[in-house]
Amino acid sequence: MHRFAGLWSLWFIALIGITGLWYLVEWGGGGAPAALRPIRPVAEANVDGSTLDQIIADAKAAYPALEVTSVYFPAGKRGGVVVMGQGEAVLVRERANAVLMDAESGEVVQIQKGEDLSVHQRISEGADPLHFGTWAQGHPYSLAVRLFWFLAGAVLTGLAVTGVMIFSMRLRPADRPAHATNPSMIGDMWRGMGRFRLPALALTLLGIVMAAYNIAAAI
């Protein structure tokens, strides 16, 4: 099972690795410029439900191909109301397809379409959908894709565990320390990691804490 899962998940390993390297490039200053850069400042929005409904309807009228998935109220210099979603471009985040609206006048200030982005921006906007499995957002099979990405990620995590287990099972008695009179698989796994066991444990605990924090924040 370890070999089978490792072989058939090679494509997913490559996908996660390449997009992860891209995040490193962005962190190092190689990120693409923002997709939506307002051509003029707009007042910050303070609207009620009916006004927001009208703003979304006007945005849809200005950009008929837009399947609205979220609405953003940016503060500071940008202001206004940003209506975002999926359009005709594939493999882009929702922010790549957006309409900036002036909440006070109802004017369409700017329209951003994913297909109009530069190659650099398309790479940047495509990293998240591929890395997190959100590329089918807005389609009926979106949940199925996300579940598949979750299972593929779980397989990669499982490979790390089964790999250490296999290492432990292949140890000969002579490979174990003299004081290990009652050897156990967990003990062999811990000793087998050598000098990397404490950093690995720290990173694992950090990942668990971050996952719990993100889940709590989402709830």
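**View 1. Strand E3 and its partners in the sheet.** Valine 81 has methionine 101 in E3 as its bridge partner. The model is a predicted one, in which local features need pLDDT of at least 70, side-chain atom pairs count only at pLDDT 80 or more, and totals for chains, interfaces and linings use all residues. Residues are numbered from 1 along each chain as its sequence is written, and side-chain values use heavy atoms, with hydrogens and water left out. Strands (E, at least two residues) and helices (H or I, at least four) are DSSP runs numbered from the N terminus. E2 and E3 run antiparallel and are joined by five bridges; two strands pair if DSSP finds at least two bridges between them. On E4, glutamine 112 is the bridge partner of alanine 98, and E3 pairs with E4 in the antiparallel sense over four bridges. E3 and E4 form a hairpin with six residues between them, and glycine 106 in the turn has a positive phi of about 75 degrees.

**View 2. The whole sheet.** The open sheet has four strands in the order E1-E2-E3-E4, with antiparallel pairing. Strand E1 (67-72) and strand E4 (108-112) are the edge strands, each pairing on one side only. Direction ignored, neighbouring strands of this sheet are turned by 20 degrees against each other on average. Five bridges pair E1 with strand E2 (residues 81-86) in the antiparallel sense; valine 71 has valine 83 in E2 as its bridge partner.

View 3. Five of the five residues of E3 are buried, so E3 is largely enclosed by the rest of the structure. Buried means under 20% relative accessible area, with exposed over 50% and partly exposed in between (1.4 Å probe, protein chains only). Asn97, Val99 and Met101 lie on one side of E3, Ala98 and Leu100 on the other, and all are buried. A nonpolar core is a set of buried Ala, Val, Leu, Ile, Met, Phe, Trp, Tyr and Cys residues joined through side-chain atoms within 4.5 Å. The largest one has 10 residues, including Leu52, Ile55, Tyr63, Val83 and Met101. Helix H3 (49-62), E2 and strand E3 (97-101) each give two or more residues to this core, and H3 gives the largest share, three residues. Another core, of seven residues, lies apart from it, with Leu36, Val42, Val82 and Leu100 among them.

**View 4. Helix H2 against helix H5.** The axes of helix H2 (residues 10-30) and helix H5 (residues 142-169) come within 10 Å and cross at roughly 95 degrees. Axes are lines fitted to C-alpha atoms, for helices over the stretch in contact, and angles run from 0 to 180 degrees between N-to-C directions. H2 is therefore roughly perpendicular to H5; angles of 65 to 115 degrees count as roughly perpendicular, under 35 as roughly parallel, over 145 as roughly antiparallel and the rest as oblique. Trp11, Phe12, Ile13 and Leu15 in H2 are in contact (heavy atoms within 4.5 Å) with residues in H5 including Phe148, Trp149 and Leu156.

**View 5. Helix H5 against helix H6.** H5 packs with helix H6 (residues 185-192) at an angle of about 105 degrees, the axes being 9 Å apart. The two helices H5 and H6 are therefore roughly perpendicular to each other. Among the residues that meet are Val164 and Phe167 in H5 and Met185 and Asp188 in H6.
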